[in-house]
Amino acid sequence: MSDLEPDVRTEATKPQPSFEWIGWIKTVSIALTVVLLLHAFVFHLSKVEGHSMEPTLHDRNWLFVNKLVYLLREPKLDEVVILRDPTDDPDKRLLVKRIVGVPGDRIEIRQQVLYRNGVQVEEPYIDTAIEDFDYGPYTVPEGFYFVMGDNRHSRASRDSRSFGPVERQRINGRADWIVWPMREMNGL
């Protein structure tokens, strides 16, 4: 029996294979999957590049973009949206604009004022009259949206006045919050 004891102790003292690393891999994989699903369907962060949305948004603001809302309903007037560039820019840039016309609306800019369906649009988010030329009237087709930047200074925003209405599937989400810089943190 003494011959067996060293073997038994040797088996007992041998390091057992550790499966702890498998647990870590599972945890990291699940977390990564959840983050990717949230990014794809629920929200993402987007950085403002340029001045087309001033005074509401400024260059280098970071926005919390709600993607889930448009899986549940259609975009609405006055919402600030993130959309894929309708000109099919090879850089595949995202643009940030405000919805000023929904399907069926008749949009017109006359004497520096925006009209929707013949009624002057109240725009508390702008700081100047529209300095560009008159536009329209134009009726927004079904499945499209008319978007404009809040910066109404001459040639300050590339929007539906230049590239036309935006197809619904190009709208990625609604900008809900300015999250950076902290001093400008605010809901939209």
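**Reading charge pairs and a sheet**

Me: Arg152 and Glu123 are both buried in this predicted model. What does Arg152 form with Glu123, and how far apart are the closest N and O atoms?

Reply: The general idea is that side chains of opposite charge can pair when their charged atoms come close. Here Arg152 makes a salt bridge with Glu123, with the closest N and O atoms 2.8 Å apart. Arg152 sits in the loop between β9 and α4 (160–163), while Glu123 sits in the loop between β7 and β8, so the pair ties together parts that are 29 residues apart in sequence.

Me: Is Glu108 buried or exposed, and with which residue does Glu108 form a salt bridge?

Reply: Buried means under 20% relative accessible area, so Glu108, at 14% relative accessibility, counts as buried. Its salt bridge is with Arg106, and the closest N and O atoms lie 3.8 Å apart; Arg106 itself is partly exposed, with a relative accessible area of 33%.

Me: How many salt bridges does a search of the whole structure find?

Reply: The search returns 12 salt bridges. One further case joins the side chains of Arg170 and Glu167, at 3.9 Å from N to O; Arg170 counts as buried at 12% relative accessibility, whereas Glu167, at 30%, counts as partly exposed. Salt bridges also link Arg73, Glu79, Arg174 and Asp176 in a network.

Me: Turning to the strands, in what order do the 4 strands of the open sheet run?

Reply: In general, strands of a sheet pair through backbone hydrogen bonds, either parallel or antiparallel. In this structure the order of the open sheet is β7-β6-β5-β8, and the pairing is antiparallel. The strands β7 (119–120) and β8 (135–139) are the edges, each pairing on one side only. Strand β5 (residues 106–110) pairs with β8 over 3 bridges in the antiparallel sense, and Arg106 stands opposite Thr139 in β8.

Me: Where is confidence lowest in the protein, and where is it highest?

Reply: The mean pLDDT of the protein is 84, and 84% of its residues reach 70 or more. Confidence is lowest in helix α1 (residues 4–13), where the mean is 52, and highest in strand β9 (residues 144–148), at 96.

Me: How many helices and strands does the secondary structure comprise, and what share of the residues is buried?

Reply: The protein has 4 helices and 12 strands, and buried residues account for 37% of its 188 residues. Among its contacts with a separation of 6 or more, 59% are between residues 24 or more positions apart.

How values were computed
Residues numbered from 1 in each chain as written. Predicted model: local features only at pLDDT ≥ 70, side-chain atom pairs only at ≥ 80, totals over all residues. Heavy atoms only, no water. Helix = DSSP H or I, 4+ residues; strand = E, 2+ residues; numbered from the N terminus. Buried < 20%, exposed > 50% of the residue type's maximum accessible area, 1.4 Å probe, protein only. Contact = heavy atoms within 4.5 Å. Pairing = 2+ DSSP bridges. pLDDT = per-residue confidence, 0-100. Salt bridge = Lys/Arg side-chain N within 4 Å of Asp/Glu carboxyl O.
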